[in-house]
Amino acid sequence: MSDEVRFSLTVDGTSHEVTARWSESLLTVLRDRLGVRGPKTGCAHGRCGACAVRADLGDGDPHVLCACLVPAATAAGGTVETIASIGGPDGELSDVQEAFLAEGAVQCGICTAGFVTAATELLESNPEPTRTEIEEALYGNLCRCTGYGRIVAAVETAARTRRGEAR
């Protein structure tokens, strides 16, 4: 008996037919089978957030999750949005990505996709987050290069921009 499963998966708006082992993580399928490089392999234990994606696993309620922890087959028929879905269709940066650049919240880039994914989801559900709410939303994302102050400042800047407030 084969330990492989075949399923459909929509990633960043493109439908794919995937054949994967039951034990393969969503991150492995994204990176190794589909060539999607936005989610990064960090700790591979769900502790750093580098692999964060936004996924609807069939319940109609998309949310950010660590792709390294999710068996790919549980995403069968679902939709996954990576950092590639966050920017514009012609590669334009999103307001959150622009804020990360403006605030100097980007260094080596391993953690950036996860932070931007989490921050984007926060601002979609809460356009006026407090500093504490921002810190809570980013909990589980680790950065080994820079201080978290610039990252939190970037989320605050993106929130002000969305509200039309000047800096």
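Let me start with the network of salt bridges that links Arg21, Glu24 and Arg33, where a salt bridge is a side-chain nitrogen of Lys or Arg within 4 Å of a carboxyl oxygen of Asp or Glu. Glu24 is buried, with a relative accessible area of 4%, whereas Arg33 counts as partly exposed at 38%; buried here means under 20% relative accessible area, exposed means over 50%, and partly exposed is in between, with a 1.4 Å probe and protein chains only.

Before I go on, please keep in mind that this is a predicted model, in which local features need pLDDT of at least 70 and side-chain atom pairs count only at pLDDT 80 or more, while totals for chains, interfaces and linings use all residues. Residues are numbered from 1 along each chain as its sequence is written, and side-chain values use heavy atoms, with hydrogens and water left out.

The structure holds 7 salt bridges, and another one of them joins Arg162 and Asp95 at 2.5 Å, N to O. Arg162 lies in helix 6 and Asp95 in helix 3, so this pair ties together parts that are 67 residues apart in sequence; helices are DSSP runs of H or I with at least four residues, strands are runs of E with at least two, and both are numbered from the N terminus. Arg162 is partly exposed at 36% relative accessibility, and Asp95 is partly exposed at 25%.

How do the axes of helix 3 and helix 6 cross? They come within 8 Å and cross at roughly 135°, the axes being lines fitted to C-alpha atoms over the stretch in contact, with angles from 0 to 180 degrees between N-to-C directions. Helix 3 and helix 6 are therefore oblique to each other, given that angles under 35 degrees count as roughly parallel, over 145 as roughly antiparallel, 65 to 115 as roughly perpendicular and the rest as oblique.

Turning to helix 4 and helix 5, which covers residues 131-138, their axes come within 9 Å and cross at roughly 130°, and this pair is therefore oblique as well.

Finally, Val106 sits in the loop between helix 3 (95-102) and helix 4 (112-125), and at 33% relative accessibility Val106 counts as partly exposed. As for strand 3, which spans residues 52-56, Arg54 lies in it, and the C-alpha atoms of Arg54 and Thr82, 28 residues apart along the chain, are separated by 6.4 Å.
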